[in-house]
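This briefing sets out the computed features of one protein chain, grouped by topic for reference alongside the sequence and coordinates.

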Amino acid sequence: MTAAAIPLRRGLAGLCRLRAQANGAGRNPMLRAIAPMTTSPRLRVTAALPRLFSTTSSSQRQVEGPLPLFPPTSNQTLDHLLSTLHDELFVPPHLLSRHRNLIYRHKNHPLLLEEPIYYTVSNQAIHLTPKQNVPSLPRSLFTKCINSMETPRDFDVVPGLLLGYTQAGRPLLPQHHEKFARAAALAGRADVILQALDNAELNSFKANKQLVRNTFLGLFVQNHQSTFHAASKALKRTKRLHKLLTNPKIIDLGTCHAPEKLPENPSKEQVIARKEKLADFRNDPILAGVTAGLFASTSLRFAPGGVDNALSAASNIRQTFLAWALLEKEIASINHFTATESAEKRLADPASTSKEKKEFERVYNRVKYSLLAHQFLVHSFKDAAKVFKNTIDAISTPGTPEIQLAAIYSTDPLVLPREDAVAPSAPLQEKIDLLKFVREAAPRLVLETSSLEQTIEKWAAWVKKNDPYVQKRVLAGEQAPQVVRLDVQTYLEAAERLEEWIAREKESVEHVEEEGEKEGSLQDEVAWA
C-alpha cells in the first residue's frame, strides 16, 4: 500500500493503526506493513482522522434516540425473534455511516472476521459482523412476536419493538397495532397500550376506534380481579386513557385497512369536518358505557351497600345516553350489512372478485368486533342498573329533597343544606343533577339492555352462520375448525388467569428474596399489575 493510497482509505488505515498500536503490529503482515508508515507525522495525522468507534452524536447516524433493549422473555422462540430484529433491523440505523460500510461492504468483511470489533450504542456493546445486504425482514415478524408471547410480562418488549420498527424506517401498520392491542387486552396489559400511546409521536402508534375499544377491554380484565388495588388501578388508567384521547395527534379516524390520510394544507371545511369526527370519536358511547361498567363493578364489589358513592357510574351512563345517536347509527349500519350480505354470496360466488371478497372479510371482522363491544356494553348496563338500584334504595326516603340526598355525597362537610342557603355550590349541584338522572335513567337502562340483547342475538347468529374462515374450509371440502369463542366470559376468565399468574410471580419473588439471591421489592416486580 502506497502513501498516496492511505488518504483514500482512511477508514481502513485508521482501523489498522489502532490495531497496530494495541498489538505492537502483531503477527498480521498487513498491520506490520502499515504500522511503520504511521510513524510519519503527515501520515499519522491522515490515518487518525476518522473516529471509528466514537459514541458521540453524529449527523452520519440515521436516527436519534435510544436503541431498544429487550430483556429475556418466557420462551426461546420469542427471544430468538427479538434478537434477530434487534441485530438485523434495529441496530444498523444507529451506526455511523463508516460502521455501516464495514458491515455491508464485502471488501471490509475480512477485517471483521479477523477479531471481534464492538461499537457502543445506548450503553449496549454492538458486535459488528459482516452482512451481505440491508435486511428485508417482513413486518410479519412482529405478528410472530405477539403470537409467541406466553405470559403477561412478555408484553414489556412491545414498546421497544414499536420504536425499533419506526427508527428503521418501517413503521408498523394499523392492523399490527390492533393485533397487539387485542392480545394485550386478553393478557390484562392495557398499561402497555397506554405506554405506546404516550410515545405515539416517536413510535408512529396511533389509536383508531377498534384499538381504543380493545384497550378498554384490557382495563376490564384488570378491573375484574378480586383485589381493590387492581380494580382501582384500572380505574386510574381508564381516566388516563380518556385524557390521552384529547390529543388529536395520536388519533387515527380511519380503520386498520384504510388509515386516515391528512392533507398537508387542509381547507377550512376539512378542518371543521375533522373536528366533528374527533368529537364523535371521543364521545363513542361504547367507551363511556364500558367506563361506567368499570366504576359500577368496582362499587358492587367494594363499596358499602354497592352504592355509587362518587356517582362516577351515573356520570358515564349519562354521557352514553347523550351520544346514543352515534350508537344507533352504528347499529343501523351493521343491521343493513347483515341483512344484505353473506359469506355464501361473496365467498362462494365465482363471479366475486378478490377485492369484493377482501371487502366482505373486512366488514365481517368489523361486525364481529362490534358484536363483542356491544356485549360488553350490555354487561356494563346490567352492573350500572344494580348500582343505580342500590343507590336509590340507600338514599331515597319519601319526601326527602334532592339537595339533602346530594349532601350525603358531598366531600366538603361545610357544604350542607341550610334554610338560609341561597343556592348549592357547583360540585353539589352536579351531584344533585346526577342523582335526578339516576332516578330517571334506571328504567331506561333496563329497556335499552333488553333491546341491545335482541340485536346482539341476531348478530351472533349471523356471525356463526357466515364465518368466512369456516365457510372457505367447508366449501373446499375440509373439516371446519372450531370457532374461537370471544365474548365477555372469555375476558372474565382472562382476569382469573391474570390473577393466578400474578400470585405465582409474587410467590416466586418472595422465595428468591428469602434465598437472598435477588434484591428489590415485591411491588417493583409486579408494579404494572
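Of the 529 residues of the chain, 46% are classed as buried. The model is predicted, and its secondary structure consists of 24 helices and two strands. The points below cover the surface and contacts, the nonpolar core, the cavities, and several individual residues.

**Surface and contacts**

- The chain has an accessible surface of about 27,700 Å². Carbon and sulfur atoms account for 53% of that surface.
- When contacts between residues at least 6 apart in sequence are considered, 75% of them join residues at least 24 apart.

**Largest nonpolar core**

- The largest nonpolar core contains 114 residues. The members that touch the most other members are L128, F142, V158, L161, F180 and I317.
- Helix α19, spanning residues 354-395, makes the greatest contribution to this core, with 15 residues.
- Leaving aside residues up to four places away in sequence, I317 touches A292, F381, A384, F388, F437 and L445.

**Cavities**

- The volume of the largest cavity is about 80 Å³.
- The lining of the largest cavity is formed by Q210, R213, N214, F216, L217, I286, L287, V290, Y369, L372, A373 and F376.
- Helices α12 (209-223), α15 (285-302) and α19 each provide at least two of the residues lining the largest cavity. The largest share, five residues, is supplied by α12.
- By residue class, the lining of the largest cavity comprises nine nonpolar residues, two polar residues and one charged residue.

- S204 is not a glycine, yet its phi is positive, at about 60 degrees. This residue lies in the loop between α11 (200-203) and α12.
- S204 counts as partly exposed because its relative accessibility is 33%, a value between the limits of 20% for buried and 50% for exposed.
- L311, likewise a residue other than glycine, has a positive phi near 60 degrees. L311 is placed in the loop between α15 and α16 (312-322).
- The relative accessibility of L311 is 1%, and L311 therefore counts as buried, the criterion being a value under 20%.

- A343 belongs to helix α18, which covers residues 343-347. With 1% relative accessibility, A343 is classed as buried.
- A343 and F360 are 17 residues apart along the chain, and 7.7 Å separates their C-alpha atoms.
- R497 is part of helix α23, residues 488-515. Its relative accessibility of 46% is why R497 counts as partly exposed, since exposed requires a value over 50%.
- R497 and Q225 are 272 residues apart in sequence, while the distance between them in space is 9.5 Å, C-alpha to C-alpha.

Notes
Residues numbered from 1 in each chain as written. Predicted model: local features only at pLDDT ≥ 70, side-chain atom pairs only at ≥ 80, totals over all residues. Heavy atoms only, no water. Core = buried A, V, L, I, M, F, W, Y, C linked by side-chain atoms within 4.5 Å. Buried < 20%, exposed > 50% of the residue type's maximum accessible area, 1.4 Å probe, protein only. Helix = DSSP H or I, 4+ residues; strand = E, 2+ residues; numbered from the N terminus. Contact = heavy atoms within 4.5 Å. Areas by Shrake-Rupley, 256 points an atom, 1.4 Å probe, with all protein chains shown as cover. 1 Å grid on protein atoms, 1.4 Å probe; cavity = no way out; pocket = protein on both sides within 12 Å on 5 of 7 lines; lining within 4 Å. Points joined across faces, edges and corners; volume = space filled by probe spheres on them. Nonpolar A, V, L, I, M, F, W, Y, C, P; charged D, E, K, R; others polar.
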